[in-house]
Amino acid sequence: MLNRRFLRIKVMQALYAFFQSENERVDLAEKQLIQSIEKLYELFIYQLSLLIEIVDFTKIKVEEAKLKFLPSPDELNPSTRFIDNRLIKQIAENINFQRKREEYRINWSDESEMIRRFYLTIKESKEYLRLINESEDTYDADKEFVIKIFKKYILSSEPFQSLCAEKSIYWVDDFDTAGVMLLKFFKTIDEESKQDFPFPVLFKDTTSGGKSEDKDFLLRLFQRTIIHNKDFEQIIADNAKNWEIERIAVMDIVLLKMAICELIDFKSIPIKVTLNEYIELAKMYSTPKSSIFINGLLDKLIGEFKSEGKIKKSGRGLME
């Protein structure tokens, strides 16, 4: 479920917090890192449950409209394309989703006004009108509709983002990440998916014993960056000409330490992958000029590490 970039981001956030604090308990910081990822999965389920709740609210409004004293023809014979959406129905009936929703005790009873606003927004949207008037009644049309309204109206909703931030401090920075994971999840479901189709797991298990390479990568990157913190800091200081270490952005230093750790300690990760990943993370999370600075410094360090024999990659093409 979580690709390596997401894992690097979580390690980056945990290292930034660790280095900025006066706490020296690495075990506690590591526990918080794992907890932040577990909370990300809970946010994933929470966002998904919102869609189900909006559909359930729509069903109620449709039935209420029929019971009016003088209902209109449209109210007596409403379109059911939204409340019968095949993708949403698959998810709502999925036993794995139901278990997770119960495990996290998700309840929307106190958020009826927010649900009502989402209902009105979706009902008045051009996507909804196109769904009931123009699109073919197919599974693919249903899926496309869900993806569009989720991206356009739910992920962009400031009140919903604020609600998530109030519910958990871990959700403040992970709202968009959970949304991206959810959009990817939608695309993995098809019309043939059964009632018990599997939900994504946080870490991909690659051995019969359940050991996960991704979880191992996460913890090793976090631990070894801390263990070699002073060494990596000295490497940066020695090679950042015309820059005092105190003048380099804190986030840049964190990213550089992580990149150095990957280059030296992770034999199976290609050099190009490490270089490209940390340039992209600098663009996303640091200053406008950080990616150029990190690119230049890492390029220099890669040359030095190669000549000194510090980079020992195993596998074809990994030294390139």
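Helices here are DSSP runs of H or I with at least four residues, numbered from the N terminus. Axes are lines fitted to C-alpha atoms, for helices over the stretch in contact, and angles run from 0 to 180 degrees between N-to-C directions. This is a predicted model: local features need pLDDT of at least 70, side-chain atom pairs count only at pLDDT 80 or more, and totals for chains, interfaces and linings use all residues. Residues are numbered from 1 along each chain as its sequence is written, and side-chain values use heavy atoms, without hydrogens and water.

First, the helix pair. The axes of H14 (residues 271–285) and H15 (residues 290–308) come within 8 Å and cross at roughly 160°. H14 is therefore roughly antiparallel to H15, the term for angles over 145 degrees. Their crossing is right-handed, meaning that the near helix is turned clockwise from the far one by less than a right angle. From H14, the contact (heavy atoms within 4.5 Å) includes Leu 275, Tyr 278 and Ile 279; from H15, Ile 294, Leu 298 and Ile 302 are among the residues involved. The contact residues divide into 8 nonpolar, 3 polar and 2 charged. Nonpolar means Ala, Val, Leu, Ile, Met, Phe, Trp, Tyr, Cys and Pro; charged means Asp, Glu, Lys and Arg; the others, Gly among them, are polar.

Next, the cavity. On a 1 Å grid over the protein atoms alone, a cavity is a set of points where a 1.4 Å probe fits but cannot get out, and lining residues have an atom within 4 Å of a point. Grid points are joined across faces, edges and corners, and a volume is the space filled by probe spheres set on the points. The count is 1 cavity of 30 Å³ or more. The largest cavity has a volume of about 30 Å³. Its lining consists of Leu 2, Phe 6, Ile 9, Lys 10, Leu 40, Asp 174 and Thr 177. Helix H1 (residues 4–20) gives the largest share of that lining, 3 residues.

How values were computed
Helices (H or I, at least four residues) and strands (E, at least two) are DSSP runs, numbered from the N terminus. Angles under 35 degrees count as roughly parallel, over 145 as roughly antiparallel, 65 to 115 as roughly perpendicular and the rest as oblique. On a 1 Å grid over the protein atoms alone, a cavity is a set of points where a 1.4 Å probe fits but cannot get out, and a pocket is an open set with protein on both sides within 12 Å along at least five of seven lines; lining residues have an atom within 4 Å of a point.
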